[in-house]
Amino acid sequence: MTWKVIHSRAIGNSHLREKKPCQDYVSFWQSPDGHLLIGVVADGASSAKHSDKGAEIAVRCTIQYLQRRLKISEFQNSIKDLDTANIFFIELLKIVQKNLENQANNNSYSVKEFACTLQVFIASPNWLAAMQVGDGLIVIRQNNCKDYELLFQPDKGEFINQTTFVTSSNAGDKMQVFCKEINLDFLCVATAWCENIAVTQLLNWKPFTDFFQPLENCVLTDEREIGKTKIDTFLNSERVNKETDDDKTLLLCVWDDSPPYQPKAPQETEPVAVCNDNIYASHQPPNSNHSQIIVRRHRVMSAELTSKIADIIRKRKEIADEPKWEKERLDSLYAKISELEKRRQQFMRSPGNNIGLIEGLKDIDFPKLLFFIEQEQQVWENLWKRFSRDTLNIGVAGLARQGKSTLLQSLTGLISDDEIPSSDRMPCTSVQSNIYHLPDGETYALVYFYSESSFLNEVIAPYYQKLGFASPPKSLAEFRQPLPPQPANLPNPAETEALYKHLHDDYHAHIDKYSNLLQPQERVVKIAKNVIKKFVSQEYDAQGNPLNFNHLAVRKVEIFCSFPKVGVEKIGLIDTVGLGDTRLGDRERMIKALGQDTDFILFVRRPAAGGDLWGNRDTNLYDAAYQALKDRLLLEEWSFMILNDDGNNKQQSKDLENTRIDKGIRVYECVTANCIDSDEANSVLEKAIDYLVGNLVRLDRQYMSACKSRIKELQSQINAELEKARQALEQYGEEHGEYVKLHHQFMTDLYSKIDELRRKYRQEPAQSDPHFQRQVDIAIETCKKYPGIPSEDAINSRSDDQGIDGTYFWFIQEMRAQLLKNFHLIETGLRESLETKKFEIAEVLCQLGLRGITEEKGTAFLKVMAEQIPPNLSNLKLGFQFLSTFDILYKGFIQSIVWGHLSKLLPPDTKTPISTPPDAKSIQEHLKTRHQEAVDSCKQALNILALAPSEIGRSMVEEFSDHITRAEGVKQEWDIFLGTKRSQIWPQLRELEQRKRVQQEWMALVDEVMSINQKRGN
């Protein structure tokens, strides 16, 4: 009595189209006695970038945690009711969330990129505890009950496809928990794909018996692998795929208390029967003998072998992430080194770089690194695809018309030319065909078309290059133009003629028959069985002229059809283009197919009945295949040679076998078989699969080890070139030494010039300031020129109103006001005096280099300096603020003196006695006298003051000089200020600073490449 378990998952059609991995993950653990069962399923969010990894981490973490808890106490004793179950599963949820956060941090991801749902159960035959975060189904059937029950209603948000994930902040609140003593017969966990087809949401989410009963019956089958094959087939069936595009996962568990069943061994004469691969063919449970399953002895591979193939595929997928990550690392390396190479070329073209730098840059061989990295990118991408496949792929390779397609027809039972065309005339297979088992539905194919540009670059351009033509066409319209004439002077005239004939007769002359298939973007088109032949093969008329041209636009075709022979469902077959023709690109396409899509090669060679030898074409074919894995795995470790015995060439087959090694054609085994004979062909296939099952894990490890060794070599090469790159620009843009010299010279000149200026002003003799004196003279002259003396009539007229005394008094007041206005002109002189000295100081500083900070001059320059000096440089800021705002105002200095003199001679106070002349004429004369005396008095006083502006200007210069050259700490302030403004002050440093930035960017890029280069390779 034990739990019987089958689990399966299948990638959804939407992810197939988008070339995304399956984002579901499932695992289970069973106690040694078979009574306790733990199951975990996670469904990654389609919108999360790394949800496939998130689902895997969540499942693995849960299994590990529950296994550790099992050692502490039995679950059934520690989880007694719903409350204890809730506490237990909340703790589990936190552990899962913590692991996801740690993994996200380690990979510099957001934890939301790991978003996934989570379904967990712990079951014994009489007890069940379960939890669910998000959508999906957990369905059970109790003992002696025919109805199926849904444990939890799927968590759905407000919008379609919305649910709660374990990474959500409210995951604990949304988590659903079940705990109960219950006798179980059946338990199923499914992701959200089956919600619309397995339950009726109208009747309170009731499971459909017709959906789950066949699944339960399938698990009850004693032959587990046959049951699993049926489930796998079901998940990939057209019926299911019509209902959902999503990834599909099932975990099916049945408590089986029946005694072990021992199947009867079939007799040799027992009739052949094929396992029914439709799990819905009957809804009746299997009888105790499982009589409907009849094991074929010769034609059907054993379940053990099928299981081993599935195990190999599973183990490969477990390590598929490593080559994927290595490919991504190489992609990053390629991008960053390409950027370094671009900058290296720019450096070498830039004028002004010294010879030493140019020579150092020439010594760096980034193009060589990029070439090697590009090769490794392809190798690791191939590894990733190799380990991610759902099939073991066997490639069939050979020269044209050796029987490759015939062999494939015999292996798959697809005797119709519709799926695998064959011909005994001219070469037939024109396009690589990957053939996969389709468990259900009509045969179809996916055709991968070239785009217009990839067709021209990959197919047509090689002909132009080989024939020595000028630049290849850039568009189909250009290719439609007449071709250049056939070259007449090339060293291989026969080959040249054949190439030209291919280019002209196939591609150019018939361009209108296939050009409509070439679109701006590459595309994949699904086609029906009856038109497959038109896209993979060539047909000829009786004269050997080609009739079909669709294949010229096709890169490859994937054919999905039902293999009639049981046991090859997990085997993919790769039909490569036959070599030997002069068509360009076939060799490269074969190498690519063998490297990317193939795990094992079957070489096919049909010896000529009249006598045959290994020729150059044979060795060239072998050498081409050898390049598929880039010398990482010896070809003889992963290939067989089939000598195609057609009944007329037995001796010739023996002759070729005996001389094969002498020609360097080494394979693991060379067998003779008639490719058209199904039994003989399948005997070879069984040998190949037996060899793969026994050796593929070892070969994979050997291949991976060789790839890692090459990566280590490449890492050393990259490090060597990076060290050259670092040394080449180590001194580039080094401006500190130059700055130190310029700074020292500036400070020396600053102190020298400022001291020189101070001495100049100190040594000047005491004399009137010319600017001030000039404005005084102008003011005096203005007073004299416009005295404002009234006429006798004006005096008489005013006397009539104000009297003689009033008239005299008010004319004195008006005269004084006019004189005061004239003396305001002196302020201009005061400013000119100071501006002259400020301008001289500014010029000294500008000549030292500070003109680079601003184009302003004089006081405006000083103001800009005061604004740009930061507050922490207090001495410098104070000095420039003092000087830029320093002023002598007439109002505060000269005005009081002028007023004093004028008010004595032209008194403003009505109480001051004045002798009023008796008549208008006398008043006029007295006003003239008073005016002259007032002007003379002011002139005398101002002439004495003319010495003051010069003295004030000297003191202004002295104080400014003290602030910027002699204050405590001012030298350090200059150091800071000059350092921040150096590229403005010294133009020669601008280029050096630019170079320094370029050097820093270069070094940062070198460091980044170094870091990426060291990430892996162990």
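Mentor: Residues are numbered from 1 along each chain as its sequence is written. Local features of this predicted model need pLDDT of at least 70, side-chain atom pairs count only at pLDDT 80 or more, and totals for chains, interfaces and linings use all residues.

Trainee: Why are β16 and β21 said to stand at the edges?

Mentor: The open sheet runs β16-β15-β17-β14-β18-β13-β19-β20-β21, with mixed pairing. Strands are DSSP runs (E, at least two residues), numbered from the N terminus. β16 (523-528) and β21 (669-673) each have a single partner strand, so one side of each lacks a neighbour in the sheet.

Trainee: What makes β15 and β17 a pair?

Mentor: Pairing takes at least two DSSP bridges between two strands. Six bridges join β15 (residues 444-449) to β17 (residues 554-561), so the two strands pair, running antiparallel. Phenylalanine 449 stands opposite valine 554 in β17.

Trainee: What lines the second largest pocket?

Mentor: 26 residues line the second largest pocket; Asn106, Asn107, Tyr109, Trp325 and Glu328 lie nearest its centre. A lining residue has an atom within 4 Å of a pocket point; a pocket is an open set on a 1 Å grid over the protein atoms alone, where a 1.4 Å probe fits, with protein on both sides within 12 Å along at least five of seven lines. α2 gives the largest share of the lining, eight residues. Helices are DSSP runs too (H or I, at least four residues).

Trainee: How many lining residues are charged?

Mentor: The lining has 10 charged residues, besides eight nonpolar and eight polar. Asp, Glu, Lys and Arg count as charged; Ala, Val, Leu, Ile, Met, Phe, Trp, Tyr, Cys and Pro as nonpolar; the others, Gly among them, as polar.

How values were computed
Side-chain values use heavy atoms; hydrogens and water are left out.
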